[in-house]
Amino acid sequence: MASGSGDSAGGRGESTEVNSKWLDAHYDPMANIHTFSACLALADLHGDGEYKLVVGDLGPNGRQPRLKVLKGPSVLTESPLPALPSAAAAFLMEPHEPRTPALALASGPCVYVYKNLRPYFKFSLPPLPPNPLEQDLWNQAKEDRIDPLTLKEMLEGIREKAEVPLSSQSLRFLHLELGEMEAFVAQHKTQPIRRQTVITTMTILKKNLADEDAVSCLVLGTENRELLVLDPEAFTVLTKMNLPSVPVFLEASGQFDVEFWLTAACRDGNIYILRRDCKRPKYCIELSAQPVGLVRIHKTLVVGSTQDMLHSFTHKGKKLWTVPMPAPILTMSLLEQRSRGLQAVMAGLANGEMRIYRDKALLNIIRTPDAVTSLCFGRYGREDNTLIMTTRGGGLVIKILKRTAVFGEGAGEAGPPPAQALRLNVPRKTRLYVDQTLREREAGTAMHRAFQMDLYLLRLRAARAYVQALESSLNPVSATLREPLKLHAVVQGLGPTFKLTLHLQNTSAVRPAMGLLVSCLYNESLYALPRAFFKVPMLVPGLSYPLETFVECLSDKGISDVIKVLVLREGQSAPLLSAHINMPVSEGLVAA
Amino acid sequence: MAEEKAPTTTQFPGTIEPQKPRLKKEDGLAEKEPHLGPLQDVKGNAAGARPDQFVGAVRASIEEAILHSTAAESSTLDQLMITTYREEPFSYLELGKRHMTSRQADNRDLATQSNFQHIYLAPEFPILEKQNWLIHLHYIRKDYAACKALIKEQLQETQGLCEYAIYVQALMYRLEGNIQESLELFQSCAVLNPQNADNLKQVARSLFLLGKHKAAIEVYNEAAKLNQKDWEICHNLGVCYMYLKHFNKAKDQLHSALQLNRHDLTYIMLGKIHLLEGELEKAIDIYKKAVEFSPENTELLTTLGLLYLQLGIYQKAFEHLGNALTFDPTNYKAILAAGSMMQTHGDFDVALTKYRVMAYSVPESPPLWNNIGMCFFGKKKYVAAISCLKRANYLAPFDWKILYNLGLVHLTMQQYASAFHFLSAAINFQPKMGELYMLLAIALTNLDDSENASRAYAEAVALDQSNPLVNLNYAVLLYNQGEKKKALAQYQEMEKKVTLLKGSSSLDFDPEMVEMAQKMGAALQVGEALVWTKPVKDLKSRHRTTSANKSSNLQQPLGSNQALGQAMSSAAGFGKTTQLPAGAGGASQFSKPPSLPLEPEADPAEAISSEVQEQRETQKSSLAPE
C-alpha cells in the first residue's frame, strides 16, 4: 500500500514511520538476549507449521549461556547450556516423515543435537593425536625414568620444533617453577596426553538434494584449522579439510554428494574457498582486514571488513565491488524474499542502522534504537518475511516485511552529497574595510611612504636603544667576552617583605668567574634591603647560582619602584651587566 | 556391577581417602544430595580415561561440568547433562564409575593422603583455545571492553597460557597506541608458540611502528623462514626498506609481494618509491596497473590523476579525478585537484560547488580557502576573494603561495601598499622566485618608487629562467624611464625566451602580453616580431568575450608610439586614474588553457600549487599592458 509512494517520499531508502516497508511487530528493549547472528535459527521445530526462533544466548556478560526458544514475542522454553554456544542451526536429519528438523547447537568441543526440543545426541570432536615424542616423555615420567628437569628440557625442545603442538598439560608444566615441578609430575604423570579442540563455527550443507527441505550435513569449523563435514544420521565425520587459519565464518553451497563449495572467512583476514575433493583451499581472497561477516548470494560472496567496507567477490575470488559504510559493521546476514525472488545482504552497523544492499545498491535503511548485533530473516510463526534483530543492550526487535513492499533500486544514496547544497561560509567585510580600501587606493603611495619612513625610524630607534644598552651594560647578558654572564631575577612574596632571587650564570665554556660583586640601587625611602651590596662566590661555568636577598617595602601607599641590580667586577666602576627589577606593589600593607 | 558399587563415592568432597567399608555409607549420602552426583562422575572420569571414543565424548562434557560446577546453577546444569545423554549407549554414570575403579587403584598407591582436593585439581586442564572464537568475535566487532574482560578471565583460567588471548590483547594495545606494551605481549606470544609466523609478523609490525626498521626487517626475515609465501611479509619488508632508503631492495620485495597476491597497498607503496626516486613515468605505470586491478579505489584514482596533472596530461588527469569523485564525492584530494583544473578552465561556479562539499567536511584547509578565494577572484568578486585568502593565510601563515595570491589580488584592487606587504612577506618565505620580485616591482612602480622597482626587476630577471613577462615588464619600466637601450636588451631577452618556449612546448601566450610586446617592439623600433604571429591567431579564435572586450579597450588609444607612451604612463600611475579594479587582473583571468608546468610536489599541496601558478600566470599577463 504505502510502499509505492513510500519510495518517493521516503527519500534515500530510509524507513520513516508512515511509509516504511516494515511493520513493527514487536520491540522489547529488555528481552535480555545477548547473542550474534550465528546463534540465531528459525525452524519449525514441532512440525506444526509454526516457526520458532532458536537463540543460543550468551547471557549478560557471557556468563549464563542458555538455549532459548521463542514463539511469537515470548520465550517458549529456556534451558541452561554447559558452555557458551558458538553456533546454532536447524537441519533435517533423515528423509522420513514427519519431517521435523533437528536443532544443532555447537558449544565448546561438542555439538548438541535436539529433536522436538529434547536432547537427542551429543557429538564430540575426536581428540587430536598427541605428539608421539611428548607421549613418550610422559610415559617415561610415569615410570620415573626421567627427572622433571630433563622432562622440561625435552618438552621445551619439542615445543621449539615440532609440528604437532604440545598438550595443555605439558604447556602448563613448562610454566612451573622448579619447586613445583616434582609435585606436578607426581600428580599428572599417570594421565594420558590429550589434545582437544573446540568448534568455532558451524553451518549446514545439503546432502544430496537441492530441495528446500532436504537432508543436510553439519559442517564444523574448528580451532585447529579444520573443516569437518558430519553425516546427518550417524554423526560420523564424512570428510575433513584443512585450512591455513582458524575459520570464523562459514558458508556452504551445493550438495555434499554432488558438488559443493565451502567458503571460510578466517582469522588471518583471508577467505578460503574449498570444493569437493580437495583437502586444501582452492581459492584464497586476501582482505587485508578482518572479515566481520560473510554472506553468499548465488555465486557471489559479500564480505564486511573491519575497515567499514562491504566487498563483493565471485566464488572464484575475483573482486567485484566495494561499498563504504558510514560506521563499523557489527553483523551481517542474508535477506531472502522468496515470493519476489529477492536476495539481499543485511548489515547491522554500530551507529544503530541496519542497511540492506542488493549488489551495490542500497535498498533500505532501518534505524534501530540500539546497535544491532545479530540479524535473522525468514519465516517466523506463520509469517513468511520476518526480520529478527537483537541489539547490543539485549533488546529484541521483530519486524515484518509488508506484503506489498517492493524494494526499488536507486532508493539508495545517489547524486551529490548534501553538503554541496550548503552555502559557503565566506567572511563578510565591514564598511570600515571598504572605506580603508578606498583610502588606500587614493593615497596608497603616501601611506606606503609614511609606513616605510616609520619603519626605518623604528628600526633606528631599536638599534640605538640596543647600542645604548650595550654601552651602559644595562642588559642582563654581559657583552664582554672575558666575563660572559647571564642574570635573571625573580621576586617572590606578597609584601611588605619580598624575596629577591638573582640567578647568575657563568656562560663561558671553561673559565670560572671570580671576584664579582652585586650591588642594588634603590629608592631608600621606599625599600630597605638588609644587604644591598655583597660578594658573589666563584661561578663555575654552566651552573646557575641563586643569590637571595630580602626586600622590605616601607611605603603603605601602594606604590612600587624599580630596583637596579648591578653586577660589578672588583676594582672596576663600570658594571658588567645590570637588571632593572620592577617590584610588585606590596599587597600586605595596602590590605592592612 | 559389583565393582561398580564400591568406589562410587571415594571422592566425596573433603573426605580423606577412606577405607572401603565406609564408602558404602557415603554412597547413600551422595545419592541424596543431587548436587554431588555429577561431580563424582567428573572426577572419576577424568582420572580414569581410556582411549575409547566414548570416553572422549564424555570427558569433554565432564570438563564442561567442572567448569560450571562452580557456577550457581550447577544443579540444573547437571540435570541437563544427564538427561541429554540418556540415549547414548553407555550411561554416563556407569562410565564414570568404571573409570573410577581403574583410577581407584592408582589413587591408593599414589599417595596415602591424597584427598579430594588433589584429585579434583589434577584431572582436567581447560582447553586453552576454548573461548578464542568469542574473543575474536568481540575484537572484530570493535567491542574492546567486552573483549578485554573476556581476555582477562581467560588468561586467569589458563594461567596466561592462552596464546590467542594475549595476541588480541596486544593488537588492542597497539590500536590504543601502546606500541611498546603490544610489542612485549607479541614477544611473549612468540615464546608460547615459536612456530607461528603470525606472532613474529606482529612483533615486526610493532617494531616497525616504533620506527625500528632494521630490527623489524630481521624479525620479518625470521617470519619469512616459517612462511615463505606470505604477501604481507614481503610487502612490509618492502616498506621497511623504503624507510631505510634501500629503494632497490624495497622494490624487489614489493614486486614479489605483488606476485604472491595483488593488493592496492602494495601498488601504492611501489608507486611512492618511484616518486621518491623521481621516476614519474614508472610511478604512473604502476598506478595504471593498480587502477586496472581495483578500478574503484579512490586513492589510487586520485593519485594517478594528480600524477597526470604533474605531467600536464590534463585530459587523463581529469578523467581519473572525475572517476574518483564518482565513487566518493567527498574525496578531499580529488576535489581540490579537480577544482583547480576547473578553475584553470574558468569554470569557477562548478569548482565552487565542488569546494562546498569540502568546506563542509574540511573547513580548516588552507589550500581549499586559497582556491575558493581564487575562484571569487576569477568571478571578479574581489572582496570575497580577499576574505577567503585572508582566512587561508590565517590558517597557514607561512604559505608563500597564499601570500602571493593575496599580493596579486591587492594589486588588482590597486591596493599597492597592501600588495607590497604581502609580496614582501612571500619573498621572505620564497626568496628564489623571479615572478615574486616582478610583482613586487610592479607594486613599487605603482607606489612611485621606481628606483627600488628596477632593483626588484633586476633581481627578478636574474632569478627567472623562462618567463618572458619578467623581461617585458622590465623593458616597459626601462622604456618609461627613458633607458631605451636597456629596454631593448630586455626586449631581446624576452624574444629569446619566447622562441625557446615555443620550441619546447605547445604553450600559448596571453593575447594581452602578445599585444603589449608588439607595441613595445614598435616603440623600440624593432621590426614586428615574427614570433608572435601564429599564437595570436590561435588565441583570438579561442578567446571569450570578456578578454575580447578587454583587448579592444586597450586597442583604442594605441597605434603610435605616442599612444603607447600614454598607455605606459597611465600604467605607471594607475592609482590616479579612477579606473575600476576590474581592468587589470580580471579580464585575463579567463585566459590560460593548459600552460602550467607543474612543480612535482607531494600531497594536497599539489592542487594548490597548480592553482597558484595559474594565478601567477594570469597576473603576469595582466601586468603586461601596464
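Helices (H or I, at least four residues) and strands (E, at least two) are DSSP runs, numbered from the N terminus. This is a predicted model, in which local features need pLDDT of at least 70 and side-chain atom pairs count only at pLDDT 80 or more, whereas totals for chains, interfaces and linings use all residues. Residues are numbered from 1 along each chain as its sequence is written, chains are lettered from A and ligands numbered from 1 in the order in which they are written, and side-chain values use heavy atoms, with hydrogens and water left out.

Helix α16(B) covers residues 264–276, and its 13 residues reach 18 Å from the first C-alpha to the last, close to the 18 Å expected (1.5 Å times one less than the number of residues). Its buried residues are B:D264, B:T266, B:Y267, B:I268, B:M269, B:L270, B:G271, B:I273 and B:H274. Just after the helix, B:G278 takes a positive phi of about 80 degrees.

In chain A, A:S305 lies in strand β19 (residues 300–305) and is buried, with a relative accessible area of 0%. Leaving aside residues up to four places away in sequence, A:S305 touches A:A289, A:Q290, A:P291, A:V292, A:H311 and A:I329.

Aromatic rings of Phe, Tyr and Trp (its six-membered ring) pair if their centres lie within 6.5 Å, with planes under 30 degrees apart counted as stacked, over 60 as edge-to-face and the rest as tilted; the count comes to 13 aromatic pairs over all chains. One of them, A:F121 with A:F235, is stacked, at 4.9 Å centre to centre and 20 degrees between the planes. This pair links distant parts of the chain, 114 residues apart, since A:F121 is in strand β9 (residues 118–124) and A:F235 in the loop between β12 (226–230) and β13 (237–242) of chain A. A:F121 is partly exposed at 25% relative accessibility, whereas A:F235 is buried at 6%.

B:Y167 and B:F186 form an edge-to-face pair, 5.6 Å centre to centre with 70 degrees between the planes. B:Y167 lies in helix α10 (residues 163–176) and B:F186 in helix α11 (residues 179–192) of chain B, so the pair ties together parts 19 residues apart in sequence.

Definitions and conventions:
Buried means under 20% relative accessible area, exposed over 50%, partly exposed in between (1.4 Å probe, protein chains only). Contact means heavy atoms within 4.5 Å.
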